[in-house]
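Work through these exercises with the structure open beside you. Try each task before reading its solution.

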Amino acid sequence: MRNPVHPIAPGIDAAELLQKRALAGHEHLEAWRAGSADEIAGIRRLVHESWQRSAYLKANPDVPEAPLAMDRDELEEYRRLHPLATIMPVIKKLLVQPSHDSGLLVAVGDDVGRLLWVDGDPVMQRRAEGMMFVAGADWSEASVGTSAPGTALALDRSIQISGAEHFKRSVHPWSCTAVPFHDPDSGAVLGVVDITGTETAVAPHTLSLVEATVAAAQAQLRIERLQLAAAVRDKPRRRSAAATGGQALYRNSLQLLGRDQALLSIDGRTVSLSARHSEILAILGNHPDGLSADDLCAQLYPGEGSSVTLRAEMVRLRKVIQELSPDAVPESRPYRLPVELLPDSGQVLSCLQRGAHRIALEIYKGALLPRSEAPGVVQLRERVSLLLREALLSDGSVDSLLKYAELPEAKYDVDLRLAVLKLLPPRSPKRAAVVADLERIERELQE
């Protein structure tokens, strides 16, 4: 049985297998061009599924270069504030320095597949520039198709991609190993660590090395956060140098899904918000350029909104956020957030955009502020829920559909359960439970 993570089983001649896979890969690409999606021999199932996602997302196998997502100035600012910046010394010591004379490249990307750092063998770096495997480029499945960085993020698991298993033809001479990097506190995906090169890049020991490095870096990030928290406690009346520099240790977040009162986390400190404050931040988080008082009132209050009432709520909200971080206090004229927040609803939408339905479903804990009647919240809630449902119905696995069916909003979703029955084999033991669930829906709707 082939290892779904490692592309070359022990005892197999690597060169011969890679040559066979290359032929199969070219055949598969031609099949996609002809409109055939049949699985073919020689291609691992997870690669086949990744190619399906790549084609669905309209990645082009014949465009040789990955698109550049950020220019130099944008990249420098983004890297400086990214949580992974603080653990780069660990990555450099364990992976980058040993790779300089080994024919390998080390890349670190963010949670949507944009490469932030690329280092390693200088000769290989120059070669990789031809396919735009460079800092600032987008290597998500949506942009380049199957690759270790993009597919590891899409599946949220360690992955090795060898030669012609890549969707893009220009990447067929390369092989790569990638491991997702998770937030040590929340478990959210912060990015990905990748080794790219020749066959050595997909050796079994390479995967172990990258996984061990990621584990060490995650532990280091946790230690630095604990040290930052201690520094803040020791100097509560002024922002210490450690606290100021520590902003890069965190992604400021807003948890809205499956809860009536949001959780706001800034610089590692978390507070539960009132229902109204939750609505305000959900709306402002969805409008980074800000809203006028009239526009925010219209999105916040179902009927005629009072600007006086809004101003009073904003005063109270500012006091709450002031306790977390003075730098994060909302501005006025227009009302806007001066710091970037990462709402869990935004993470779901980002995952859906790159075809990572399983990760989106893991993040999705239920409807966004389900009891809120604020027009802006209702609109956002319906958008997130609808896009997730449509994505799963069009391209979700049986397990994903069954997991979604457990959510309150899917309790009476007949089409969802019919889609599951279409995907299940005729003799699957899971069919009985789905049929029973359909009978329950029919019975309850008739009562």
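**Exercise 1. Pairing around E4**

How many bridges join strand E3 (residues 159-162) to E4, and in which sense do the two run, parallel or antiparallel?

Solution. This is a predicted model, where local features need pLDDT of at least 70, side-chain atom pairs count only at pLDDT 80 or more, and totals for chains, interfaces and linings use all residues. Residues are numbered from 1 along each chain as its sequence is written, and side-chain values use heavy atoms, with hydrogens and water left out.

- Step 1. Find the strands; helices (H or I, at least four residues) and strands (E, at least two) are DSSP runs, numbered from the N terminus.
- Step 2. Apply the pairing rule: DSSP must find at least two bridges between two strands.
- Step 3. Four bridges link E3 and E4, and the two run antiparallel.
- Step 4. Turn to strand E5 (residues 189-197). E4 pairs with E5 over eight bridges, again in the antiparallel sense. Here valine 179 has valine 193 as its bridge partner.
- Step 5. Look at the link. Six residues lie between E4 and E5 in this hairpin, and glycine 187 in the turn has a positive phi of about 85 degrees.
- Step 6. Check the cover of E4 (residues 175-182). Seven of its eight residues are buried. Buried means under 20% relative accessible area, exposed over 50%, partly exposed in between (1.4 Å probe, protein chains only).

**Exercise 2. A second hairpin**

Describe how E7 pairs with its partners.

Solution. 

- Step 1. Strand E6 (residues 253-255) joins strand E7 (residues 263-266) by three bridges, antiparallel. Glutamine 255 stands opposite leucine 263.
- Step 2. E7 also pairs with strand E8 (residues 269-272), over four bridges in the antiparallel sense. Leucine 264 faces valine 271 there.
- Step 3. Two residues separate E7 and E8 in their hairpin; aspartate 267 in the turn has a positive phi of about 50 degrees.

**Exercise 3. One serine**

Why does serine 372 count as buried?

Solution. 

- Step 1. Serine 372 counts as buried because its relative accessibility is 7%.
- Step 2. List what serine 372 touches, leaving out residues up to four places away in sequence: Glu279, Val377, Val378 and Arg381. Contact means heavy atoms within 4.5 Å.
- Step 3. The side chains of serine 372 and glutamate 279 make a polar contact (2.6 Å). A polar contact is a pair of N or O atoms within 3.5 Å; within protein, one must be able to donate a hydrogen and the other to accept it, and residues adjacent in sequence count only if both atoms are side-chain atoms.
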